[in-house]
Amino acid sequence: MRRGTEATLALLAAAGLLAAAWAAPWLKFVLTIALAKGIAVLGILLLLRAGQVSFGHALFLASGAYAVAFLAPAAPEALLLLPAAALLAGLLGLVVGLFVVRYRDIFFGMLNLAISMVLYSLLEKLYELTRGTDGIRVEPPRVAGFALTLETYVWAMLVLALVLAVGFGAFVRAYLGSPMGQALAGIKTRETRLEFMGVSARRVLLAAYVLSAVMGGVAGAIVGMTTRHVTPLLAYWTSSGELVFIAILGGAGGALGPFLGAAAYELVRVYAAASFADAWQAILGTVLLLVILFAPGGLWGVISGLLGRRAGRAA
Amino acid sequence: MSTPTPLTRRSALAVAAGAVSGSLLWPGSGRAQAQKPAELKVGITTFLSGPASVFGVPAKQTAEMLFDEINQAGGIGGVPVRALFVDEAPGTDHLVGEFRRLVQNEGVQVMFASISSGSCLACTPLSDELRKTTILWDCGTQRIFEEGRHPFAFRTQGYATPEVLAPLLYLLKTKPDFRTLAVINQDYAWGRDSWEIWKTAMDALKPGVRVVAELFPRLGAPDFSTEITRLLAARPDVIFSTFWGGDLVTLVRQAAERRLFERSTFVLPVAEASMQILGRTMPAGHIIGTRGDHWNNHPRPKDPARLARFVENYRRRFNEYPIYPCHHMYQAISAMQAAYAKAIAAKGGGWPNDQELAAAFRGLEFPTPTSTITLREDGQGLEDQIVGVSTFTERFPFAVPKDMIVFPAAMVSTPVGQKSVDWLKTLKPDLLAQVPAPIAG
């Protein structure tokens, strides 16, 4: 896919998103959450490039959200909370990463899952500190020094999420094109060759892991500041599963995939829940099955396929 | 000639995409607030999946049944009512998004929020932000009105403090000479909170009770044999447990099999909802509560015909007895009816806007199948508590209480503006003298 086409598509999508948010006020919230989850899934995409699936990425999402919840009373400023959450999640990613990058495939996935469930249990059991399952309320922080009204605050969060999504999207696209990103693909195809070339597979994977943790932390910070109430459910395995679900739905082929997937996921869930409050899980499951059966490349695969065919015909 | 074609196609694609998303947006309805709407929409968040759906689904059924009855009788102020349900199970971000959608897009006029305390804590600030009257219809956390003011939120039932304090007072009144106590609660906020309330109040009212075991098994655990073994070994005089739903059923079955009920007296404040499932397995002679006063064998309901009608209609339609979440839903709907009647009367027949509706809720008095509930100035409802000892009668195939004590809500609720734990510390043993005598039989 040409660089220009993808950038155009991203711009169109961003404009469409803002237009939808303007037309339907309630969508602002849902789309902000979708963008945040898209950023977290971008991180998963990096690891997928190396053929590794993390079934515990909610660990970083939750740590970002709880970083916001704990720091917000002391530093009620969104532009401070975001980097703080990213830093914290990055450090956590480094520590966890040092262990898990020694493992591959199912062991990698399961270890991640186990560690995220440890965080879940801690958040739930350290009741005096975290208020357990009831969770912690987050007062809306200032944005760039301005105390916003709640209506503008919701807009600010959406725009902030959009800017970060575009930024991280461009970054991941560049990273995947760089030698570090190419080496990730090398881990998937044949790790030994990589080592023969003098590249340490572990370090390559660790770098990607820490980056993905940072993205998870940023996503969690946005989720925390947008929902303004964080609960341990964010670290639960279903939350990790949701991220992997979005990755598959969106497709791992390009940086737009996670955002497509996240928007599709949130909207399907909202509309399924609105039309069939009792059966929304079944509808989500059916959508995923259809994607796996008929569009293994995900939504992004479908779109890039269509565009590729057209480009072929036009030439 | 090849360039214009993709451009038109792209624009065609954009138009198509726009049309699709446009149809998805469901352009909003119900903007006109002050005029009488064609339909009164009520958003109800409840558990439709997961373990807490044992409460959520009966409550949903109750809402459907009562809304049908209201519509048959001509609606509220001549406007038919419609319920829109939201599943609480997917978590806070989904719930908060749905709350916004219902208010901002569907034009819902009243929200009923949440079984889970976490959900209520997330939804109440939204009621402030969106200025939408929100009835907290089932959640029990004391934090809501003790940690902040919420001008649009009202709780139409009791809450954790009276629901734990009443069984404690019952125990102190009827079996005052216990020396040791154990607790087995689910390991999450309610389990921890209810134990803190019990312990604080017990230390104030009867100092010196030895706590021989504090067990907090995981929520939804399939097996409690380790805990039961420890309880058998510790031989506490009393075992306090705020277990609910499937966990309570499992605990009672396993404990009954190992004769734990013969050694210790259980105090089960949330027992009522599991009694139908347990049937004869529930041992007699243990203290049971119902998070309110709505027992099927209420000793003196204010309006016996109303209670009988509700129970009979529910049984006819769903083939089971209503449990406490059904009554809590009834209370919320009854409060909504009373508030609309009050607001419409105050406006001389006009339809109230959000502020006028919320104003009508403050200090509202509304009927329930068993009594009358008043909403305090902070929004908290004053619901009496009835606690009794489990027994079996001819009338019901499951355990019901006998020797019931009706605790007036004001006696067991934290006064406005105080925090529960601080207030409980100030309780004096002479409070027991004010406890009414059990109603024999």
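This is a predicted model: local features need pLDDT of at least 70, side-chain atom pairs count only at pLDDT 80 or more; totals for chains, interfaces and linings use all residues.
Biologist: At what angle do the axes of H2 and H12 of chain B cross?

Modeller: Helix H2 (residues 53-72) and helix H12 (residues 304-318) of chain B cross at roughly 110°, and their axes come within 11 Å. The axes are lines fitted to C-alpha atoms over the stretch in contact, and angles between N-to-C directions run from 0 to 180 degrees. H2(B) is therefore roughly perpendicular to H12(B). That label covers 65 to 115 degrees; under 35 is roughly parallel, over 145 roughly antiparallel, and the rest oblique. Helices here are DSSP runs of H or I with at least four residues, strands are E runs of at least two, and both are numbered from the N terminus.

Biologist: Which residues make that contact?

Modeller: H2(B) supplies B:Gln61, B:Thr62 and B:Met65, and H12(B) supplies B:Asn313, B:Tyr314, B:Arg317 and B:Phe318. Contact requires C-beta atoms, placed from the backbone, within 7 Å. These residues comprise three nonpolar, three polar and one charged. Ala, Val, Leu, Ile, Met, Phe, Trp, Tyr, Cys and Pro count as nonpolar, Asp, Glu, Lys and Arg as charged, and the others, including Gly, as polar.

Biologist: Turning to H6 and H7 of chain B, how do they pack?

Modeller: Helix H6 (residues 160-174) packs on H7(B) at an angle of about 45°, and the axes are 9 Å apart. H6(B) and H7(B) are therefore oblique to each other. The crossing of H6(B) past H7(B) is right-handed.

Biologist: And which residues meet there?

Modeller: B:Ala160, B:Thr161, B:Val164, B:Leu165, B:Leu168 and B:Leu172 of H6(B) face B:Asp193, B:Ser194, B:Ile197, B:Trp198, B:Ala201, B:Met202 and B:Leu205 of H7(B). The contact has 10 nonpolar, two polar and one charged residues.

Biologist: How far apart are the axes of H13 and H14 of chain B?

Modeller: The axes of helix H13 (residues 324-346) and helix H14 (residues 354-361) of chain B are 8 Å apart, at an angle of about 120°. H13(B) also passes H14(B) in a right-handed crossing. H13(B) contributes B:Ala339, B:Lys342, B:Ala343 and B:Ala346, against B:Glu356, B:Leu357, B:Ala360 and B:Phe361 from H14(B). By class, the contact holds six nonpolar, no polar and two charged residues.

Biologist: Now the strands. In what order do the five strands of the open sheet run?

Modeller: The order in chain B is S2-S1-S3-S4-S5, with parallel pairing; two strands pair if DSSP finds at least two bridges between them. S2 and strand S5 (153-155) are the edge strands, each pairing on one side only. The twist from one strand to the next averages 20°. Strand S4 (residues 134-136) of chain B is joined to S5(B) over three bridges, and B:Ile135 stands opposite B:Phe154.

Biologist: What does S9 of chain B pair with?

Modeller: Strand S9 (residues 265-268) pairs with strand S8 (residues 238-240) of chain B in the parallel sense, over three bridges. Two bridges join S9(B) to strand S10 (residues 287-288), also in parallel. B:Val238 stands opposite B:Thr265, and B:Leu268 has B:Ile288 as its bridge partner.

Biologist: How many residues does each chain give to the contact between chains?

Modeller: Chain B gives 32 residues and chain A gives 34 residues. On the side of chain B, helix H1 (4-25), strand S2 (81-87), helix H3 (92-104), helix H4 (117-130) and helix H7 (189-205) each give two or more. H3(B) gives the most, with nine residues. That side of chain B has 12 nonpolar, 12 polar and eight charged residues.

Biologist: Lastly, how much helix is there in residues 81-101 of chain A?

Modeller: That span is 95% helix and 0% strand, with its end C-alpha atoms 28 Å apart. Residues 280-303 of chain A are 88% helix and 0% strand, with end C-alpha atoms 26 Å apart.

Methods
Residues are numbered from 1 along each chain as its sequence is written. Chains are lettered from A and ligands numbered from 1 in the order in which they are written. Two residues are in contact if their C-beta atoms, placed from the backbone, lie within 7 Å. A crossing is left-handed if the near helix is turned anticlockwise from the far one by less than a right angle, and right-handed if clockwise.
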